[in-house]
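Trainee: Could we go through this structure together, one topic at a time?

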Amino acid sequence: MKLHCEVEVVSRHLPALGLRNRGKGVRAVLSLCQQAPRTPPGPRAGGERGGRHPACLFISTLKDKRGTRYELKENIEQFFTKFVDEGKATVRLKEPPMDICLSKANSSSLKSFLSAVRLAHRGCDVEAPLSTLTPVKTSEFEKFKTKMVITSKKDYPLSKNFPYSLEHLQTSYCGLVRVDMRMLCLKNLRKLDLSHNHIKKLPATIGDLIHLQELNLNDNHLESFSVALCQSTLQKSLQSLDISKNKIKALPVQFCQLRELIYLKLDDNELIRLPFKMGQLRNLRFLSAARNKLPFLPSEFKNLSLEYLDLFGNTFEQPKVLPVIHLQMPLTLLESSARTILYNRIPYGSHIIPFHLCQDLDTAKTCVCGRYSISSFIQGTTTMNLHSVAHTVVLVDNMGGTEAPVISYFCSLACYVNSCDMLK
Ligand SMILES: [Zn+2]
């Protein structure tokens, strides 16, 4: 019987000597073994409980594969199992006076291992099969690997699975055309780097990696970033996204629901617009969307508060002198009710109103006055100095400019006239 976990063996003499334990466990394999007799069994040695030997505990680490042996029979002073559901427990031995602190174990394996240890302490037969006394193989410790970096096709594991405990996985230059489903089972993954491959589409199940903080898809063949991903658990975990050097033309409106994003790299795509609710990415500090085809920035761009901004090499248009007028007078019933719903923050959803109305409401335009409009508005373009939203701004062109055109919407003629007055 074996248990994989982290172990720290602490001597209870340490405090008396004025020393403290390190407070950090090492990866180990614990085995319950039948104690091997020290001398070849003579005619008298077999007298012990009909030839059976009590089970003892071996703790093997990568440095000590053969393992250190601890007697268990009537040798346990106490079990500390308050946090057994979190995969932690401590076994206090009488002799030597040690505390064996276990952590990062699978809680159900830990429970059954501890009950076997308890049986061994009482001198009862352990019902589970005992391990044989052999040194633990290095491959057993590989299961605990937390980081794996593969940068060539020949190193890519085809027959072997990825270690389940991986937190950081990089597979670059492997010629992948899709995301390997085996990666999506790595529930501890925090950092996934699939840069420099040929991936065309992302499976929605990437959103099931609940701890994923960093996703790097630089230099692939992506054509879109799906709505399903924007609405997955990535909303709560994803802090860094690199989708530069792909073929993405637009990001969905829902992209701005990835509210934890701090770092976003969109360079070298074919973006013709940024998500117009961009200003909702309140945590965003680093934004880079160089060498795209952006003609202007969305009005909410003004709400960002960045440390670094790079919009070099876009096809920014000159602000138009004449506004585009889409005013309906009087307002349609739909327009006024939509404005009321949004202004009063009345909750809505496709279970109450038709789906297309939800979409209209989701994509409502915000006027400078703070009100909203759906289809009755004036659209104007103004220029904005990018230093007003970022500390460090990369020049937008070779002429040394840091200004970019921004689309603005006005809910009424009055709002438009007022803002023109302000500009003067
Ligand atoms: Zn207005």
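Mentor: We may begin with the conventions: this is a predicted model, in which local features need pLDDT of at least 70 and side-chain atom pairs count only at pLDDT 80 or more, while totals for chains, interfaces and linings use all residues. Residues are numbered from 1 along each chain as its sequence is written, and side-chain values use heavy atoms, with hydrogens and water left out.

Trainee: Which residue has a side chain joined to that of aspartate 362 by a polar contact?

Mentor: Aspartate 362 lies in helix H6, residues 355-362, where helices are DSSP runs of at least four residues, numbered from the N terminus. Leaving aside neighbours within four places in sequence, aspartate 362 is in contact (heavy atoms within 4.5 Å) with Val253, Phe276, Lys277 and Tyr348. A polar contact is a pair of N or O atoms within 3.5 Å; within protein, one must be able to donate a hydrogen and the other to accept it, and residues adjacent in sequence count only if both atoms are side-chain atoms. The side-chain pair here, at 2.8 Å, involves tyrosine 348.

Trainee: Is aspartate 362 buried, partly exposed or exposed?

Mentor: Buried means under 20% relative accessible area and exposed over 50%, with partly exposed in between (1.4 Å probe, protein chains only). Because its relative accessibility is 33%, aspartate 362 counts as partly exposed.

Trainee: How many disulfides are there?

Mentor: A disulfide is a pair of cysteine sulfur atoms within 2.5 Å. The sulfur of cysteine 5 is 11 Å from the closest cysteine sulfur, in cysteine 101, and is therefore too far for a bond. By this rule the count is zero.

How values were computed
Helix = DSSP H or I, 4+ residues; strand = E, 2+ residues; numbered from the N terminus.
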